[in-house]
Amino acid sequence: MSEAKANAARSVLKLLPREGAIGLGSGSTVALFAEGLGRQVSEGKTKVSVVPTSYQAYRLAVEYKIPLTNLDLNPELLLTVDGADEVDRQLNLTKGGGGALLREKVVAAASRKLAIIIDESKLVDNLGIKFPIPIEVLPFSLGFVRRRIDTMGIASSIRESQGKLGPVITDNGNFIIDLKFPKPISDLAGTSTGLKMIPGVVETGLFVGMANEVHVGTATKSYVLKK
Ligand code: 5RP
């Protein structure tokens with residue numbers, strides 16, 4: 001599995017611009033990409049700076065000595081490289097397995113191009129069946145939001161922390177709720193918007209129509225899916 005992730009991470013390195021600001025996603029596949037990016041920076045092959053999508057991404061940039069920037073200095077990014085938990089045939093994504101979906105979506109929206117790196121096991125026919133759809137929720141609103149979601153016929157569970165008692169607290173101080181849909185979601189964009197309209201829901205892990213290309217790694221090679 002990690003060789004498949006490494007092949008996807010290697011494949012996306014060829015998209016790196018010579019210079020400029022790009023987004024650095026989160027997750028274990030992105031960690032492999034960050035290592036490669038750090039090497040290219042140290043060899044002088046690229047002069048990019050990165051907007052990190054999480055504290056994990058920030059620490060990766062520090063570890064690999066990749067220059068940092070932010071959305072105030074660079075509100076428009078040339079490219080973002082990120083992972084995903086599931087990818088469907090239209091290149092819609094489920095993200096948020098690592099709880100970084102809010103900043104990931106902001107950074108993706110600020111980017112001219114979103115390139116996703118995954119191993120082949122993440123390709124699915126329908127999002128939300130194997131992997132739940134996470135949403136980030138303001139803690140104050142938790143009970144209300146779960147009640148609304150319940151009335152929509154969707155099961156929800158609060159994501160529990162590992163290494164600390166209690167719920168996961170995101171980099172933004174919020175909770176994550178994982179949603180289990182009773183059947184395949186027929187209208188992804190409408191579902192994401194409907195969830196976001198519930199007061200207290202900060203963002204959803206559905207990334208609809210945002211990815212431009214997906215670099216898929218297998219144990220022996222990689223290939224690219226484009227819109
Ligand atoms: C974090 C994410 C990650 O990109 C996603 O969970 C994929 O992670 P990995 O590359 O470790 O499988 O969305 O919020």
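Start with helix α2, residues 28-42. Helices here are DSSP runs of H or I with at least four residues, strands are runs of E with at least two, and both are numbered from the N terminus. Helix α2 has 15 residues and reaches 21 Å from its first C-alpha to its last. That is close to the 21 Å expected at 1.5 Å a residue; the expected span is 1.5 Å times one less than the number of residues.

A word on the source: this is a predicted model, where local features need pLDDT of at least 70, side-chain atom pairs count only at pLDDT 80 or more, and totals for chains, interfaces and linings use all residues. Residues are numbered from 1 along each chain as its sequence is written, and side-chain values use heavy atoms, leaving out hydrogens and water.

Which residues of α2 are buried? They are T29, V30, F33, A34, G36, L37, G38 and V41. Buried means under 20% relative accessible area, exposed means over 50%, and partly exposed lies in between, with a 1.4 Å probe and protein chains only. An α-helix has 3.6 residues a turn, so residues three or four places apart point the same way. What covers the buried residues of α2 includes helices α1 (2-12) and α3 (55-63), and strands β1 (19-24), β2 (47-52), β3 (79-82) and β6 (114-119). Just after α2, G44 takes a positive phi of about 75°.

Now back to α1. N7 is found in that helix, α1. N7 counts as buried because its relative accessibility is 10%. What does N7 touch, beyond residues up to four places away in sequence? It touches G217, T218, A219, T220, K221 and S222. Contact means heavy atoms within 4.5 Å.

Next, a sheet. It is open, has three strands in the order β4-β5-β11, and the pairing is antiparallel. The edge strands are β4 (86-87) and β11 (206-207), and each pairs on one side only. Two strands pair if DSSP finds at least two bridges between them. Two bridges join β5 (residues 93-94) to β11. L93 stands opposite F207 in β11.

The charged end of K95 sits over the ring of F207, 5.7 Å from its centre. R103 does likewise over the ring of Y55, at 5.6 Å. The test is NZ of Lys or CZ of Arg within 6 Å of the ring centre and within 35 degrees of the ring normal.
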